[in-house]
Each structure stands twice: as structure tokens, then as C-alpha cells.
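Please keep the view open while you read.

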Amino acid sequence: MHEEPILQVRNLNKQFGNGCTHCRNKVDRQLEKNYCPICGTVYACQDVSLDLFPGEILGIVGESGSGKSTMMQCLYFDAPVTSGEAFIYNGELNGLNVFQLSPQKQRYIRNHKYGMVYQNPVNGLKMNFSSIGNIAEKLIAAGNRHVSSMESTGNKLLEHVQIPLFRSKEEPQNFSGGMQQRVQIAKALSNNPPILFLDEVTTGLDLSVQANVLDLIKQIQREWGISMIVVSHDLAVIRMLADRTMVMLNGSVIEEGLTDQILEDPQHAYTQRLVYSLL
Amino acid sequence: MKNKTHFAFFDEGSKKEIRRTTLKAVAIPGYQVPFASREMPIARGWGTGGLQLTLSLIGKEDCLKVIDQGADESVNAVSIKKLVQQTTGVELTDQTEDASLIQSRHRIPEVPLTEEQILVLQVPTPEPLRDVEASEYVTKRLHAEEEYSGAWLLLFEQIMKYGKTATGADHPVYVNGRYVMAPSPIPRFDNPKMHTSKALTLLGAGREKKIYAVPPYTDVTSLAFEDYPFTVETFADQACHLCGANDVFLDELVDETTGKAYYQCNDTSYCIDRLNSQEQVEVEHHHA
Amino acid sequence: MGYVAVKGGTKAIEASIERLTYDRLQESEVIEVKTIMATMRALVDQVMSESSLYSPFLAALAIKQAEGSMEEAVFIMRAHRSTLPRLHYSNIVESESMLVERRISASFKDIPGGQILGSTTDYTHRLLDFSLASETKLENDQWMKNYVDKLEQAVSPQDEVLFFPKVVDYLRQEGLFGGHELDDTPPTDITKENLSFPASRSARLQTLTRGQTGAVTALGYASLRGYGQVHPTVGEVRVGMLPIYVGHPNEPEQTEEDSYYIGEIKVSEVESFVPVSVKNEQNEAELDFEIGYGVCYGQNETKAIAMSILDQCLEHPEASFPTHDEEFVLLHIDSVEATGFISHLKLPHYVTFQSKLNSVREVKRKGESNEE
């Protein structure tokens, strides 16, 4: 791909704890895992860099604790980064390190540039508000003040994610896990975001429901051409969705490349174990 | 061992603190300024926020009017008036025009206020986002980041469920285009009176420990979607059975013998004023 | 002639207050404030604690005026408190300086200094004592004389005042508790500043100690029973008098000699030991102890213990129980706030209800016209 990336992340670091003389210096730091045995500081993300190109799906795979979800939370401003830069090349914010922006500006990015689908729908939806209301919330946040237009947008989206229209005014708390996840996807898409994050979206769902949700994501990517970052511990999910893949271990990126390449010819010992366990 | 009571109940230190808070509130229209909120001789939830404002502002030359849900003679209004008068000796009035300080619970008087007047409103729940977010820590951040989707969402949900917004009193407003504010549970009918009001409006929540303000001539707009405009309560073609007013907020009463509803001005002093001037006209007409 | 407002409200209030006085006086009995102070110590203590104003006389007066209603007495005291200028903060009080009347530990049988059961109802049988219905001053005086005689024979006075070390210090010496550096940051004064979140520990402790006894106990109990993660062992409960000093107002350099003794207050103080799981140097989970702290005016041990539980709960907000949520706990335990807002529901809501009614009717009307 010769295009410019739409999202560029450079040296993202996220740590929990203040560090000590043993672990504070990045160059000398020699930790077996990603935490310091002396002071207990956890280095959840260590110098993570990535480029996301328009229209592609970037998969991030790793075991739990590898830092992949933390990285996504940082990108979505759910958690502050310790250090690092991120740039969005889409209109007015070009060239600004978004981690340095004010909370208001970051909220603007969430409302206009990003969509997010969490593993647990409780984090992404207001369970006791109607499904259509949940979608409207994102539209309202993006500045829409017209009920009828929001209602029709919402209904179209719900139809798209196969929620029957007569249930649009029902609260997601009455829905099955798969349906909740589809409402979340509809909400994430509602403001036409150029970038969509998906965090373990099929974990915890039945296999048949998983397939259904994955099909939906694939279809959305085809039709809408949204750039997506998909985080999963499940290489099967990554294989089905991602054009390119990054492998994370203990907070660091250990391997990246085209998904097919990684599956056929994994370089890192950890990736090799991961790929062979899939086959 | 009898203590000498201070003028206006409080010690001067307490009054100063409340005034400083009030000044900050005036400087940032619609922003809820936290304050320590003293315990008062009347109960929390019974107007202690308003009372603290009144007592911190009142001087010997002031003339005070207190109304509760529109009525000067409602027991709680009387109780508040009594306390203020006992500790200050100021003049009391029922006449809106005569008052320099008006403390009110849940109504703005029908007579337009002037630059010389201060309206103090009693507030039970100052946080307009409380129904969508229980945590004070979070709502404070939402205000700071100007994130009001929650307030709009509440209205949207009502439209989805009932086909229209179904707020009763306390319909949220934008103040000066920045802060979303709970106007205290005044009926929607009174919301427009806040807009570019000539009088200073102060709102005090004693239990929740917040003071906020709408300075004179400030824009106040009720939250409403483009295709669902804000509406006030309507009383169809009803009029006050005493004075005949039909452009005011009416109380609905039931005739005990017939069981039928009839209507009466909620603002009692306004109603009496109208009755008196009608009588004046009749008398003059009669003598002429 | 002209119309005038009906003075209904004014008349009704006057009549109601008269009736209240009538109810208090109708049996023509007068209770002396000093009688309340002398015979209702627990009630006086509780009122002082919840109103955060230490004055047995004023508390007893408030109880008399409130005819024994706790919420009413606390309310009166708090309102009175608002009229008092606050001129000084006391010096820091070290509770080792307490003149201990009662001191027990549920953690150790042999605590340095020994356990002192003191005066407590804990081991009385809660049977109605009908003899109290006809006790006489003469009998009581005789009992007192006998008791004092007995004491004089059994106990000989000492020249020195005996102070008791804290149980937790003994455990610190053993290395079972980590030490903390002295932190003399001036505490938040929640009566002068609005409680803001996240609250400092000083603000939390102040809110808890003036909390309604029933509310603090109920939430502490809820945590203990399962809606919380704190199950403590009481390290030490002590009750006794603490001397209070204030510094010289105009001396920038303070020495202890400059301080003025202004009196003593009775308090109940509790230190609870709460097992918590911490990571050791090898990042393995290990059990350790933390201390929950409770203190309140007067003798009110249940409240102080419940407070120590809630203190620990609020130190661990990560647990997903309401008892660990500081906004949930701190904003709902104050007597004046809770009783005030509940009772405000008695006020007329004519306008607000009319407004809601209007909305409901509009919605219904719209529903009907849609069906047509």
C-alpha cells in the first residue's frame, strides 16, 4: 500500500505504577515478563507503533495481558497514555498528537472520528435506554438535534445489523449477547466514523452467533470501507477479518505483516506456537 | 446562657463565604459552584439553599417576598419569612413589585421582574444530568467537557416512548450557550421568563451544596430538538375563576359538590392585584 | 374595601406551634436539663456525635426541646452550630493521651496494659428492670455510699496518671503492620468546604463520624454481611477522655507551652484489623493487615466500629459494592440531609404535580388521537 495512513501511532507507552531504579530506565530494563518484580509496576504497552491505512482491517493478536486491549483503550481515550504520539490524518486534526489534546478535543475525536465496540456491551451501551436511544446518543454527541433524522438513521442501522424494527425501542438489557453486540456495532457506526475499534467483540458468544457477527463486520468493511483495528486473542477471528496483523506479547509488538504471511511463515517462536495451535 | 443572635442568623464569616460563592456563580452563568452549605433552622430540602442566599444578601433596607409554589401564604413560605424577619426585622410584602428580594420555590412570579430585584430559587436537585449519571465525580467532568448528550438523550427517549417530551417541571435549559442547567422545578411555563430577565436569578441547593446563577440579560434557552419544539403547559381555554386571567399558570381545583374541575391563578398575589384593580375600575365607573 | 390575601398559612402555623407546646406541657411534668445530662448519657452522646458539636448541656437542652426525637435534636444542634463563628482549630490530639475508662481488644487476650472492661451494657441481661419504676433518691444515695466505700477499701490512689499504649503499636514493633510516616497535612474541613470527589481520607472520616448512627451501623453491617469486602477483627476499642489544646492565636512559632488547655471530650475510638491481599516482592499474593479507623464523640462503640469498617471499605474503591462507593456512602449517611429531604415530600408539590399532570394528559390525548 502506498497510501498515507489514516491513523499513525508512535511509541505508545502505558505503565501502571511509578517504576523504580531497577525498571525505570527503558534501555536497561530487562524484565522477564512485563512487570517489575521489585516494585510491581506493570509495563502494559512498550513502544507500540502502528499505521492504519484507509479501508484496511488491522488485526492485533495476543494472549490476555499482552497489552492489546490496553493499547486500544489508550487510543480511544478511555485511559491516559504514559507517553507516545498518535496522529489522525482525516481533516482538521492532521499532524496533531491527539494524546496531547484537551479532553474536549479528545471527546470530539471519539464522537466524529471513532467508533468503538467493546467486548462487554455494558461498557458501550446504556442498558436501560432504548436501542434506538443508544444510537441517538452517539448522533447527539456528534451534534445532531433532529429527532426524525436520528430515528430514521437509527432504524436503518438496526435493520442493517438485523435487529427487527419492532424491537428498536426495547432496552438492550432484554436482548441476547449477540443482539447486544449488534446494537453496539450499529451505535459505533452511527456517526459514519472513518475509524472503528473492535475489542474482542466475539469473545463469550456462541460459535454460530460469533460467525454471524464476524460476517456482519466483514460486510460492513466491504460496503462502507471503514478502517478498523480488531483486537482478539483468537487467531481464527484475525484470520477471517484482518488484512494485516500485529502480534503482541508482554506489552510489545513482536511481529507484524500481512495476515497470510504471518499465518504461513511465522517468524517469532511465540507466533509459531500460536499458529500451530490453530492448525 | 442565652446566645445573642446575629443579624440574618449567620455569623459574618459564613455570610462572606456564601457571597463569594455567589459572585463566582454570577461570573460563570449556569455553573454550579460548590459551597459548604450551613445547616439551617429549617430542614434540608425545605429551601435551605435559597434561605442561605437570602440571609447572606439581605440588608436592613430590603423588602422581602417569599412564595412557595406560587403562594405567599403557603405554610413553608410563611415559616421562611418568619425566620428571616425574626433575625433581621426587614419589611415583608406580598406585592411582587415592592419586593427587592424574592425567594421562591418552584415558580417565577407572573409580574415581570426588574433590574432592582433579585430572584432566589430553591433547588432540590441542581444536577441536570443526575438521571443519566449517578456519580458527582463524572457529572462534574461532563460539564467541564461540555458533554450534554445525556440531557438530550433523556428528551429523545421520552419522544420515542410517548411521542413528545414528557418533562414536567425542571425542564433543562442552556445558559449563555454554555452550561446546561436545572432551572429548579419551575413549570415549563416559567422557563421563558428566565430568558434575558432583567432581574438577577440566583439558585441555591442547600442539601446538595451548590449555588448557581443567571445574571440579568442572559440567554436562557430550553433544550428542544429542531423538529420537536419546546412547549409550555396549556390550560386549553380555561381562565381563573376569580380574576379571569387566561395567560398565567393555573391551579386545578375540584368543586366538592359538582366534582367538576375549575381553575385559579397559581400566583396568588398576582390574582389579588388583578381583583383589586378590577374593583377599582368598577368603583370609578360607578361613580362616573 | 379591596381584596387581601387570606392569612391561612400564618394562622395555621401559629396554631400548630401552640398545639405542639400543648402536647409537651399537657401532663404538667417538667424535666430538668441537668436530669437529661445525668441520666441519658447515651442519648446526649449520640446527639453530640451526629451534630458534631461537643456540648453535653446544649445536647441535653436540644433533647428536651425535641421531646426526645433524635433527628430533631441533632437538627437543632446543627442549626445552632451555624450561628457560631469558628475561631480556632485544636492542636493535633494523640489518642495515647486518653484517660482510658474502658479498653478492650478482640484480637489479643493479653494486650500491653491489660484489658479494662469498664462500664458497659454488653454483659447486662436485657430484662426490663421493674424496680426502676419506683426507685427512690434515698435508696440510690445509699447504693452510692456503699459503692464508694468499697472502692476506697479496694483501690489506693496513685501519684501518676496511667496512659495506655495502642495495641497496634505493639503489632508494629512485631513487624506485622507497616509503619507510616507522620502526615501533618492540614485536614479538609467539611464544614467549610464542599465535599468533593475523590474525597480525602480526612474528609471521609469527618463525614463518617458525624453520620447518623443508624445509617453508619446499617452500611457497616451490610459490608460485613456480604455487600462489601471488609470483615475486620477489632484490634482495640477504647473509651475515655481526651484533653484538647489550642495554640496561641498570635504566635507564629508554636511550642507546647504556648498551648491552652480548653477542656476534655469523651470519645470512643476503634482500630480494626482488616486482612488484605497484597503483592510481595516476588509478585506473589500475600496476606497483610490494614487498619480501619473509627472515632466518635461520647460512648457509642457500635457506631465507631461500623465507621472503622466503612473507612476500610472506602480505602478500597475497586470493590464493586455500594459500601465501597464513597459517593454512595458519604452522601447518604448524614442525619440532617437524609431526614430533611425525606420530610420535604410533605411540602406541597402543586405546581410540579400540575406540570407533570399536564404532560401525562398531553401524552394520553396524543395516544387517543393516534388510535382514532
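How many helices and strands does chain B have? In this predicted model, chain B has seven helices and twelve strands.

**Chain B as a whole**

Let us begin with overall dimensions. A compact globule of 288 residues would have a radius of gyration near 19 Å, and chain B agrees with that because its own value is 20 Å. The C-alpha trace of chain B spans about 65 × 60 × 35 Å along its principal axes. Of the 288 residues in chain B, 52% are buried. Among contacts in chain B with a separation of 6 or more, 62% are between residues 24 or more positions apart.

Within chain B, α1(B) packs against helix α2 (residues 48-57) at an angle of about 105°, and their axes are 9 Å apart. The two helices are therefore roughly perpendicular. On the α1(B) side the contact is made by B:Lys15, B:Ile18, B:Arg19 and B:Thr22, while α2(B) brings B:Gln52, B:Leu53 and B:Ser56. By class, this contact has two nonpolar, three polar and two charged residues. As a reminder, an α-helix has 3.6 residues a turn, so residues three or four places apart point the same way.

**Where chain B meets chain C**

Between these two chains, 58 residues of chain B are in contact with 45 residues of chain C. Several elements of chain B, including α1 (12-27), α3 (75-88) and β11 (250-254), each supply at least two residues of the side that touches chain C. The most comes from α7(B), with six residues. The table gives the make-up of that side by class.

| Class | Residues on the side of chain B that touches chain C |
|---|---|
| Nonpolar | 20 residues |
| Polar | 20 residues |

As for chain C, it is divided into domain 1 (13-81), domain 2 (95-333) and domain 3 (340-371). The C-alpha centres of domain 1 and domain 3 of chain C lie 39 Å apart.

**A covered helix in chain A**

Which residues of α4(A) are buried? In helix α4 (residues 131-141) of chain A, eleven of eleven residues are buried, among them A:Ser131, A:Asn134, A:Glu137 and A:Lys138. The cover over these buried residues includes α2 (103-112), α5 (147-160) and α6 (177-189) of chain A, together with α5 (149-162) of chain B. After α4(A) comes A:Gly143, which has a positive phi near 110°.

Definitions and conventions. Residues numbered from 1 in each chain as written. Chains lettered and ligands numbered in written order. Predicted model: local features only at pLDDT ≥ 70, side-chain atom pairs only at ≥ 80, totals over all residues. Contact = placed C-beta atoms within 7 Å. Helix = DSSP H or I, 4+ residues; strand = E, 2+ residues; numbered from the N terminus. Nonpolar A, V, L, I, M, F, W, Y, C, P; charged D, E, K, R; others polar. Rg over C-alpha atoms; globule rule 2.2 N^0.38 Å. Buried ≥ 20, exposed ≤ 12 C-beta atoms within 10 Å, placed from the backbone. Axes fitted to C-alpha atoms, helices over the stretch in contact; angles between N-to-C directions. Parallel < 35°, antiparallel > 145°, perpendicular 65-115°, else oblique. Domains from an automatic or database assignment.
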